[in-house]
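The entries follow in the order in which I made them.

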Amino acid sequence: MTANFSLTFILRIGIGLMIAVDYTVGNALLTEWLPKGEDSKRQSHLLIYWTIGFILSYLAGSFITGFDSYTWQIILATSAVPALVTAIFRSLFPLPASPGWLASKGKIKTANKVIRKHMGRKWRLPARFMKRNKKKTPRNISWAILFSKQYLRRTLVGGIFYACQAFSFFGISIFLPILLQSMNITSGNISGIIYNGAMFIGVLIGTWIFNKVSRRFYLISNFLISGLLIGILAIVPNLNSILKLGIFTLFAIILSAGLILDYPYPTELFDLKVRATGVGTCITISRIGAAAGTFLLPVLTNVGGASLAMLVCAIVLLFAFIVCLIWAPETSPQFMKK
């Protein structure tokens, strides 16, 4: 029993590490091969597919039953299906090397060969990379540079916004059943429909408005509005049940709309030479928020009820609002020019 538990634990850690690597490197590499001005827009669209995968995983966990003690193993094994499809696709259509990374290491000729192979002979690196080739090949950049004066503000903004969002996002699945129970609705199907429906609607709305407002305004307004909405539910617990559910559904939609920034904004915060490391660091910090939300919010609910947990959730969101209001830089090209 102990050996099986240890093996399962190791496998789960391994799966998490592989997903984390792909989550970081794949996103950074994608931006190099997208047309300028379209990169962030395409990144935001990825969240739609992420949400579809999230909903499918929820359905798998809800409807795969009847296998007794093996049920959880079969549910876990279903994740091998999309992983296998991805592995086959990447084997048939391998990802090209990063020209920007090759150039940053002084391998200009190799970078140009990669570009010509995948884009045609008329394409090559910009002139600024050719000038850099005359200089000595730069040394490997230390991870600590992200906490230097040059990048510290951007690292903190990227990590804190991501962590606070992840902390609160996991609260949706915790608070919603409690609200429905107070209305004498115990059906898991209704809870799932509201939960997944609100998330999908939020992502679609977020994708639509993504390029219509500045990144900074998007961040600030998203945290402010969602923080106020969940704060109202925490401070005024005696609201009409239907009104409570309406406010919470709106909160879930708005918070989910903020997910759209998870891919493009951290990527835009860092220049090419530290982008992969910077995005990886932001994601690492965000996992701390996700873990805290998963473990802390249920504890708070048991100690002080849903109102206490919602109040803490509101404080976290409003803290992110203040951080973004003071520090968050504008990264959208169309609004930086103004």
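The entries below concern a predicted model.

Entry 1: the helix pair. I looked up helix α10, residues 215–235, and helix α11, residues 241–257. Their axes come within 9 Å and cross at roughly 155 degrees. Angles over 145 degrees count as roughly antiparallel, and I therefore noted α10 and α11 as roughly antiparallel to each other. For handedness, I recorded that α10 passes α11 in a left-handed crossing.

Entry 2: the contact. I then listed the residues through which the two helices meet. On the α10 side I found Y218, N222, I225, S226, L229, I230, I232 and L233. On the α11 side they meet K244, I247, F248, L250, F251, I254, L255 and A257. By class, the residues of this contact divide into 13 nonpolar, two polar and one charged.

Entry 3: the cavity. I searched the whole structure for cavities of 30 Å³ or more and found one. The volume of the largest cavity is about 30 Å³. I listed its lining as F161, Q165, Y218, L219, N222, F223, G258 and L261. Two or more of these residues come from each of α8 (152–182) and α10. I noted that α10 gives the most to the lining, with four residues. The lining divides into five nonpolar, three polar and no charged residues.

Technical notes. Residues numbered from 1 in each chain as written. Predicted model: local features only at pLDDT ≥ 70, side-chain atom pairs only at ≥ 80, totals over all residues. Heavy atoms only, no water. Axes fitted to C-alpha atoms, helices over the stretch in contact; angles between N-to-C directions. Parallel < 35°, antiparallel > 145°, perpendicular 65-115°, else oblique. Left-handed = near helix turned anticlockwise from the far one by under 90°. Contact = heavy atoms within 4.5 Å. Nonpolar A, V, L, I, M, F, W, Y, C, P; charged D, E, K, R; others polar. 1 Å grid on protein atoms, 1.4 Å probe; cavity = no way out; pocket = protein on both sides within 12 Å on 5 of 7 lines; lining within 4 Å. Points joined across faces, edges and corners; volume = space filled by probe spheres on them.
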